Amino acid sequence: MIRPTTVDSVALARRIRAHALRMTNAGGGSHIGAIFSCADILAVLYGGILRVDHEAPRHRDRDRFVLSKGHAGGGLYAALAERGFFPVDKLLTHYQNGSDLSGHVSHKLPGVEVSTGALGHGLSIADGIAYSGKLKGARHRVFCLLSDGECDEGSTWEAVLFASQHRLSNLVAIVDYNRIQGIAPISEVLELEPFADKWTSFGWAVREVDGHDHAALRSALAAVPFIQGKPSCLIARTTKGKGVSFMENSVLWHYRVPRGEEFNAALAELEGQQ
Amino acid sequence: MRDAFVRVLTELAPKHPELMLLTGDLGFGVLDNFSAQFPRQFLNVGVAEQNMSGLAAGLALEGHSVFTYSIGNFPTLRCLEQIRNDICYHGANVTIVCVGGGMSYGPVGMSHHATEDLAILRPLPAMEVFAPGDLWEASEASRYLASRPHGPAYLRLDKSAAKPTVRPGEVFRPGSIRTVREGSDVTLAATGGILGEALLAADQLAEHGVRCRVLSVHTVKPLDTATLSIAAAETQGIVSIEEHAVDGGLGGAIAEALMEAGISPGFFVRIGLRNTFSSVVGSQAYLRTVYSLDAASIVRTVSLKLGIAEEAISR
Ligand SMILES: [Mg+2]
């Protein structure tokens, strides 16, 4: 079995955010708000929860991580590079001609299980991986990070139904619940509340947590499955753009490229948090 | 064809524990035996084709050889993006099985007819596309897909099937066209069960001295351009025949391949649906007559091209 190596997840989250900021700046990429929203979740996962080995990224016993919100690929690339899956230097090729680091996450990179980008795909794939693990009696777990926006997709709920029907207790869905979707707040588009009740009524064991509180995230993720025989859902209440004041809770920063003064100001804020 | 497929899968499942059959809640009475014998290799995923396809990709990434099974467009068009992104982009070992190719489910209505599937699945990178013409081809294509690791594939199974065309000792070669009847006047190239209509038409034309070469294009992708090129050179023209839209299907594929190879047949006619939905009610055989896909329509088309008086044929 692979033992996770534990690192300071707060420092890791800070580095993920700084990398992502530089990457989107250099490549002209977007989705910085979505990356900042889940940077703490990624840092806690890669800071000691996931049993993965950068020297054997395809190890049979590894935990599988599926980033269903593929537009936060920059955040996952940063986490993987920081954990030694590939050189940190590679990050700045993000979005650039000829790079493997596409804006939406790509399985060409070591440590990335699947490519995503179209919403509502990841949980179905995670279901398949988890079902296979269960058939084989394997010990590894499957973690899938979703956006709240992709809970609009019917396919997400098809996958939710399947996981509870087949008691995929080796499956953990984490929802980055920042309450903002593509171009508007969730409340103005398709309200998801009562959100936890939806997952519970679909047969999942649900916990809610502050998605920026590392201790809370860690203790919840270390306690999966929350209930034996059920898939686990962790609703992480987050702030889109978390970490840079002027990006927080802003639809604009789903798309805007951090440049010039904005880039400098954002970097200064992140560095000030050290 | 469906039964032939299930028979092959049932035969191979014990030898290939990695085989898995997923159904989108269809196959009443047909899959019971398989599910009872191989519960670990069978999953009814419910009426949820998108999830079925993503799930199949996930299973395949973990080493399973997966078949997704449903009717008409449900396992294909309904979940096209999962097929494209999850299955094809990851090169996943998944075979999508459509039972009811073309207008197999005749009177049930257009919702259950698969008449654009070949055109839509064919351009997906790495996807192999099979549409067997008789039961032997259906069995052999199933066997090929179930007995060795491969990338994404589409298996289009028809309710109708041509009478057996196999020769003693013949070996099925995926990706190659079978010449099921020799002839030097005209080439009839058919895909799917409608091969039966092509053979009937060849019989009728033979009575008038027209010798048809009949090709069974059981593999639409990759397409056997060599056999088509030879047919273009050795016969006066090519007629493509499919229970499918002419655009992008077999007719489209042949046109692309020959044009690019710099070969132009004496004449080229595509028989299939032309910018139309199959909206008339009726059996598969009846609908073939309505949409001019039956043997008589093929005979008419060929006669016209060869300048044979219509009265001579219809008499
Ligand atoms: Mg959101």
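Analyst: This is a predicted model. In chain B, five strands form an open sheet with mixed pairing, in the order β7-β9-β8-β11-β12.

User: What makes β7 and β12 of chain B the edge strands?

Analyst: Pairing requires at least two bridges between two strands. β7 (178-181) and β12 (268-273) of chain B each pair on one side only, and they are therefore the edge strands. Neighbouring strands of this sheet are turned by 25 degrees against each other on average, direction ignored.

User: How do you know that β7(B) and β9(B) are paired, and in which sense do they run?

Analyst: The criterion is at least two bridges. β7(B) and β9 (residues 212-216) of chain B have three bridges, so they count as a pair, and the sense is antiparallel. Within this region, Thr179(B) stands opposite Leu215(B) of β9(B).

User: Which helix lies across β8, β11 and β12 of chain B?

Analyst: That is α9 (residues 250-260) of chain B, which lies across β8 (186-191), β11 (238-245) and β12 of chain B. Its direction is at about 140 degrees to β11(B).

User: What is the strand order in the sheet of seven strands, and why do β2 and β10 of chain B stand at its edges?

Analyst: The order is β2-β1-β3-β4-β6-β5-β10 in chain B; this sheet is open and its pairing is mixed. β2 and β10 (219-221) of chain B each have a single partner strand, so one side of each is left without a neighbour in the sheet. On average, neighbouring strands here are turned by 20 degrees against each other, direction ignored.

User: What makes β5(B) and β6(B) a pair of strands?

Analyst: Three bridges join β5 (residues 128-130) to β6 (residues 153-157) of chain B, against a requirement of at least two, so the two strands pair; they run parallel. Phe130(B) stands opposite Leu155(B) in β6(B).

User: Why is the link between Arg64(A) and Glu62(B) called a salt bridge?

Analyst: The cut-off is 4 Å from a side-chain nitrogen of Lys or Arg to a carboxyl oxygen of Asp or Glu. For the side chains of Arg64(A) and Glu62(B), the N to O distance is 2.7 Å, which is within 4 Å, and the contact is therefore a salt bridge. The count between chain B and chain A is one salt bridge, together with 10 residue pairs in polar contact, both residues being at pLDDT 80 or more.

User: Where are the cis peptide bonds from Glu193(A) to Pro194(A) and from Lys221(B) to Pro222(B)?

Analyst: The bond from Glu193(A) to Pro194(A) is cis, with omega near -5 degrees, and Pro194(A) lies in the loop between α6 (186-189) and α7 (195-201) of chain A. The bond from Lys221(B) to Pro222(B) is also cis, with omega near 0 degrees; Pro222(B) is in the loop between β10 and α8 (225-234) of chain B.

How values were computed
Residues numbered from 1 in each chain as written. Chains lettered and ligands numbered in written order. Predicted model: local features only at pLDDT ≥ 70, side-chain atom pairs only at ≥ 80, totals over all residues. Heavy atoms only, no water. Polar contact = N/O pair within 3.5 Å; in protein donor to acceptor, adjacent residues only side chain to side chain. Helix = DSSP H or I, 4+ residues; strand = E, 2+ residues; numbered from the N terminus. Axes fitted to C-alpha atoms, helices over the stretch in contact; angles between N-to-C directions. Contact = heavy atoms within 4.5 Å.
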